[in-house]
Amino acid sequence: MAALGRQVIDWHRLMRLTWATIARQTSHLREQRMTVVSLLRPLTTASRGGSLKELSCVTSRKYMQEAECRTDLSQCLLEKPGTPVDRGALGLEAITTSLLDMGFSDAHIRELLSIQPRPTPQQLLDITSELILLGLNPEPVCVVLKKSPQLLKLPVKQMKKRSTYLRKLGLGEGKLKSVLYCCPEIFTMRQRDINDIVRVLREKCLFTVQQVTEILHRCPYVLREDPGELEYKFQYAYFRMGIKHLDVVKTEFLKYSITKIKQRHIYLERLGRYQTPDKKGQTQVLNPSLKDIFRVSEAEFLAKTACSSVEEFEVFKKLLAREEEEGPEGCTSDSEEGTSSGEDAGDGDSEEEFTDGRN
Amino acid sequence: MAALVLRGVRELLRRADFATAPRRHRHKKKWATTEPKFPATRLALQNFDMTYGVQFGDLWPSIRVSLLSEQKYGALVNNFGTWDHVIAELERLSARDFVNEAFSHWKLEPEKGQPVASAPAPVSWACSPNLQCFTFAKGDISCFPRARLGSLGVLDYYLMDAASLLPVLALGLQPGDTVLDLCAAPGGKTLALLQTGCCRNLAANDLSTSRTGRLQKVLHSYVPEDIRDESRVRVTSCDGRKWGELEGDTYDRVLVDVPCTTDRHSLHEEENNIFQRSRKKERQILPLLQVQLLAAGLLATKPGGYAVYSTCSLSHLQNEYVVQGTIELLANQYSIEVQVEDLTHFRKLFMDTFFFFPSCQVGELVIPNLMANFGPMYFCKLRRLT
């Protein structure tokens, strides 16, 4: 309840956040700082009694601390060459206040301001506010920006454009948070690349819009995949394994690598424990659930689902890798023309004209 | 109207005399351009799931995955070439001679606690000599490079399923034996028989002329001319079932490696697959054919001589069933007594290299396993007593 109240207040504050307001505040703050500094001098030089002193001491102390902070930081900023000095020092104060208004704590602000490589304060403010507007809370924003400082280099326009796009896709708030934690390049990558992925999901794989959002939310690494390979992975699920769209989304199938998928699926298939459903969706074997195939660890997969040994699976993985490499031809050519090279795939068999049964 | 008449005529023709010639021998005018919707390989797999699922129970999944995966090969060293060089090269590849290992295995661990009288016969007596076959260790999936022509003009090794060597080893050739290989093609086991150096005379037969052609090619590539001279090696293309009449009581050792459903092959090769619907009848009478061939082989064995029956199928019906059926047949119809030889000790020698099915009623069965993807190979040693 209190949190909700805080959120309301935050949003309320955000509403008032326009550049004009900031500018006004900046000038206002400048005056305030002057006043504080001027106030301090008479306070320290001439002692006055009572509450006024205390009050002003308290307020002044608060402002002193902040001023110290700011002066420290502004000094640091000043050390960095090429930064417009006065503007930098100026922006810093405005930023800090704006950040406070947005709901960041002092600790957060300190973290944000210490990100290397140092962004311009304006940049910092723009990016963070975009993220806040997308519905992220301050804490995640800090974490994300710390982890992926390259986000702060983005031109604001691109940031805004991408934000609009993400909103359209339905990715905001908590969903965006989890995506950003794994895949911050959702902001930095080219629009064309995101389009390609989304197009594959929508037009080739025929997922609905909600399903696409869900996929991007749960399996953000699809953004890093080659669109062709993503399509292949889906087709493998749909045609080869007989998994329908709903299950592909629900079980987060697309987040597993195609190698792992093939290894586990083909192993089960050859063991006779998994069967692709026929046209009517029926199988002669009860297929294990997708969770038991993919989500579990390899040890558990072997023990419970495959009921096979670790050594056999290791050998199988190697054999499968070789099969994939070689394509339809075999390792040693099975026979018919193999006599001169001296190969016999088991006596009595592998013959172009088997026999008519009599020998 | 005309269409109806035509259809009626067609029906009649179908039911007429043409039924006597097996369908595959009739001239096929039109060849399909698309793949069958339900390929024979899939029918084979279904058949196996039904029968072997029951027969092997919990063992079946691991056999199944091995059958469907790439098989493992062994390299039978050609003793007629520069075999010492070849062996050095194969050892460099980290392969080892499993036959040699089996023998030394026996030597290191002689049977404990057994009275001398019933001690097992020395291995050299029980196994055919001079066979050297290299394989990679269990779990190692390396491939052998293709065989090359050596300095003596013959290929240096023959790549085959290592399990195929076991029937030849079990036959226990002795120097100077007359040997019959009743269903010899495509020639791996025949070549192995020659490699032992024990064959005074070898008769190799296969019904199919094209397959006998392959056999000849193998012999030409591996065996020098003087050894495969016609006086010593005779290749024929006759019906093996006639051997009892043709050459009864003639041979010291007989190998009957009968045509079977070639389980592994049937799961991969679509062409001429015995599980095609058109060959169903043929497949169903296969055990009968196998009994006839084994009977002929035993009739051709000298009394006191040995025969080995082998197939590359997992099926009871083609393996134990046939052996037991033939023994009964010979006892009843010919009054010939045949005894099954116990191969337990033999099996133990090779357990490091192969996986064996533990519960065969008669004979031994090598089952495929991903760690050692050889087989399937069933073999049973028989002795003709009378």
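Asp226(B) is exposed, with a relative accessible area of 55%. Exposed means over 50% relative accessible area, buried under 20%, and partly exposed in between (1.4 Å probe, protein chains only). This is a predicted model, in which local features need pLDDT of at least 70, side-chain atom pairs count only at pLDDT 80 or more, and totals for chains, interfaces and linings use all residues. Residues are numbered from 1 along each chain as its sequence is written, chains are lettered from A and ligands numbered from 1 in the order in which they are written, and side-chain values use heavy atoms, leaving out hydrogens and water.

**A charged patch on chain B**

- Asp226(B) sits in the loop between α9 (209-222) and β7 (233-236) of chain B. Helices (H or I, at least four residues) and strands (E, at least two) are DSSP runs, numbered from the N terminus.
- Glu225(B), Asp226(B), Asp229(B) and Glu230(B) form a surface patch of negative charge. Patch residues have over 30% relative accessible area and no salt bridge, and like charges are joined within 9 Å.
- Asp and Glu count as negative, Lys and Arg as positive; His and the chain ends are not counted. The place of a charge is CG of Asp, CD of Glu, NZ of Lys or CZ of Arg.

**Chain B as a whole**

- Chain B has 15 helices and 12 strands.
- Of its 386 residues, 55% are buried.
- Chain B exposes about 17900 Å², and carbon and sulfur atoms supply 55% of that area. The area comes from the Shrake-Rupley method with a 1.4 Å probe.
- Among contacts in chain B with a separation of 6 or more, 77% involve residues 24 or more positions apart. A contact means heavy atoms within 4.5 Å.

**An enclosed helix**

- Helix α3 (residues 60-68) of chain B is largely enclosed by the rest of the structure, because 9 of its 9 residues are buried.
- Its buried residues include Trp60(B), Ile63(B), Arg64(B) and Leu68(B).
- The cover over the buried residues of α3(B) includes α15 and α18 of chain A. It also includes α2 (40-56) and α11 (263-266) of chain B.

**Salt bridges in chain A**

- A salt bridge is a side-chain nitrogen of Lys or Arg within 4 Å of a carboxyl oxygen of Asp or Glu. Over all chains, the count is 28 salt bridges.
- Glu231(A) and Lys204(A) form one of them, at 3.7 Å from N to O. Glu231(A) is in helix α13 (residues 227-240) and Lys204(A) in helix α11 (residues 191-204) of chain A, 27 residues apart. Glu231(A) is buried at 18% relative accessibility, whereas Lys204(A) is exposed at 52%.
- Glu252(A) and Arg218(A) form another, at 2.7 Å from N to O. Glu252(A) lies in the loop between α14 (245-250) and α15 (258-271) and Arg218(A) in helix α12 (residues 209-218) of chain A, so the pair ties together parts 34 residues apart in sequence. Glu252(A) is buried at 11%, while Arg218(A) is partly exposed at 32%.
- A network of salt bridges links Glu214(A), Arg218(A), Glu252(A) and Lys255(A).
- Lys262(A) pairs with Glu324(A), with the closest N and O atoms 3.0 Å apart. Lys262(A) is buried at 12%, and Glu324(A) is partly exposed at 44%.

Notes
Patch = residues over 30% accessible without salt bridge, like charges linked within 9 Å, V, L, I, M, F, W, Y side chains within 5 Å.
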